[in-house]
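Here is my note on the model. Please read it with the structure open and check each point as you go.

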Amino acid sequence: VRILEVRAKEFTVLTERNDQFTYLFEDVQEVRVQGGKVEKSPIQLPKSSQLRAEDQKTVERAFERAREIFGASNDNQAQKMTAAALLVLHKQEDAAKYLHDLVASNDPQAQLEASMALYLAGEKVSESLLRETLESGNRTIRVKAATLAGLSGYKDSIPLLKSMLQDRLAEISGPAARGLARLNDREIIPKLLVMLTESDERKFRAAIFALARLDGGDIIEQMKLQLKQDPEPQVRLRISLVLHDIGDPMGSKVLQDVFATVPTLQPEAALILAREQYWDATQFLRTRMQRRENPTDENLIFRARSAAALYVGGEPSALAVFQELLRTDNKLVKTEVFNLLTDINDRKLLILIQSSIENVDNEIALDACQTAVSLAIPDFHDRLVDTRKENELETTAMRKKSLEKK
């Protein structure tokens with residue numbers, strides 16, 4: 001057991017099954033405390049491409065379910081395209097024809113969304129389509145094109161993306177920054193340093209991503225130089241995230257300092273540090289997860305992220321939290337769990353997805369199917385993580401704006 005709390009006459013423990021018990025000292029003969037810290041191994045990703053027989057069945061069922069949804073989604077183009085991407089991956093010619101027909105249509109939005117589906121399936125994106133849509137007068141079309149240009153490595157888009165980067169609107173400059181970083185344009189570093197300090201989350205998250213993606217000694221030097229200027233805690237956290245994502249040891253050191261000294265930023269820092277088995281952060285998340293909280297979207301999503309951090313840090317008992325959250329009726333939270341399972345990329349998690357693949361809600365079922373396939377096919381996994389991260393930055397910001405209005 002793990003001792004959680006010691007009081008004057010009693011103490012509380014947590015079992016390996018996540019059950020809490022309180023004992024009176026007068027009822028206990030002896031307490032043996034293990035010396036030193038408990039060493040745990042982080043999750044080891046599978047190196048073999050071979051799936052266990054039961055996991056193979058789960059993945060095959062995911063493809064079958066995608067086929068069912070593809071055939072039943074004529075009135076929902078977005079779902080049909082998502083299902084089609086999986087089927088193209090599974091060499092289904094009718095699904096490929098469906099997406100290619102959309103790319104050849106006269107609807108720019110449908111063209112780009114179908115191109116994104118084909119990109120997920122591993123096909124090349126049309127450069128002529130990207131050229132046309134990047135010059136569109138429709139802002140939404142240009143942003144979708146910017147995202148796809150970066151993901152697909154379309155270098156001719158750099159001049160147009162640089163122009164978009166200067167836009168005051170975060171929904172334009174953010175995707176442009178990420179796209180340019182994917183295209184390894186280092187000339188944007190000064191602009192990224194400014195974006196890192198801005199209040200709009202889409203801007204500073206895009207800057208964190210882009211600076212870490214560009215990597216290099218010059219960026220590390222810039223980050224450490226800014227730390228010496230004693231920035232406000234929020235900016236200090238962002239700088240630490242850049243250094244951490246690059247892999248510089250200073251990143252974890254600053255994160256630990258932020259965790260210890262800035263209570264309002266403890267949750268975000270803990271989610272990263274617990275993955276690295278930083279004891280105080282792990283304890284913080286355990287305590288938070290044992291607390292009774294209102295089942296708001298924000299609290300449930302934090303619970304899911306805490307479970308992921310603890311699992312990666314070597315606590316398989318966190319799987320029970322994923323199971324609990326996947327049983328809720330909250331679609332937003334379920335989507336977050338699927339994203340986290342994809343990020344963790346451990347095939348032992350396939351067992352959690354089986355029931356969701358059969359969900360009568362096609363949107364949930366497709367999320368589960370994508371996650372299952374991503375755990376089986378590494379290159380699809382990498383593309384799915386990239387596209388989901390692009391979407392996450394935008395949807396998180398929009399959700400926050402909606403909450404603020406309410």
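1. Salt bridge, the term. A salt bridge here is a side-chain nitrogen of Lys or Arg within 4 Å of a carboxyl oxygen of Asp or Glu. By this rule the count comes to 31 salt bridges.

2. Basis. This is a predicted model, in which local features need pLDDT of at least 70 and side-chain atom pairs count only at pLDDT 80 or more, while totals for chains, interfaces and linings use all residues. Residues are numbered from 1 along each chain as its sequence is written, and side-chain values use heavy atoms, with hydrogens and water left out.

3. Confidence. The pLDDT is the predictor's confidence in each residue, from 0 to 100. The protein chain averages a pLDDT of 90, and 92% of the residues score at least 70. Over residues 40-48 the pLDDT is below 50, and this stretch has 18 contacts in the model beyond near neighbours in sequence; contact means heavy atoms within 4.5 Å. Residues 397-406 also have a pLDDT below 50, with five such contacts.

4. Overall form. The protein chain has 21 helices and three strands; helices (H or I, at least four residues) and strands (E, at least two) are DSSP runs, numbered from the N terminus. The radius of gyration is 23 Å, close to the 22 Å that the globule rule gives for 406 residues, so the chain is as compact as a globular protein of that length. That radius is taken over C-alpha atoms, and the rule is 2.2 Å times the number of residues to the power 0.38. Buried residues make up 49% of the 406 residues. Buried means under 20% relative accessible area, exposed over 50%, and partly exposed in between (1.4 Å probe, protein chains only).

5. Arg 61 and Glu 64. The side chains of Arg 61 and Glu 64 meet in a salt bridge, 3.4 Å from N to O. Why are Arg 61 and Glu 64 separated by about one helical turn? The reason is that they are three residues apart in helix α1. Arg 61 counts as partly exposed at 21% relative accessibility, and Glu 64 is partly exposed at 43%.

6. Asp 101 and Lys 97. Asp 101 forms a salt bridge with Lys 97, and the closest N and O atoms are 2.8 Å apart. Because they are four residues apart in helix α3 (residues 93-103), about one helical turn separates them. Lys 97 is exposed, with a relative accessible area of 54%, whereas Asp 101 counts as partly exposed at 43%.

7. Arg 303 and Glu 324. A salt bridge joins the side chains of Arg 303 and Glu 324 (3.0 Å, N to O). This pair links distant parts of the chain, with Arg 303 in helix α16 (residues 297-312) and Glu 324 in helix α17, 21 residues apart.

8. Val 321. Helix α17 (residues 319-326) also holds Val 321. Is Val 321 buried or exposed? Val 321 is buried, since its relative accessible area is 5%. Leaving aside its neighbours within four places in sequence, Val 321 is in contact with Met 289, Arg 303 and Ala 307.

9. Ser 252. The place of this residue is helix α13 (residues 249-261). Ser 252 counts as buried at 17% relative accessibility. Beyond its neighbours within four places in sequence, Ser 252 is in contact with His 244, Leu 273 and Glu 276.
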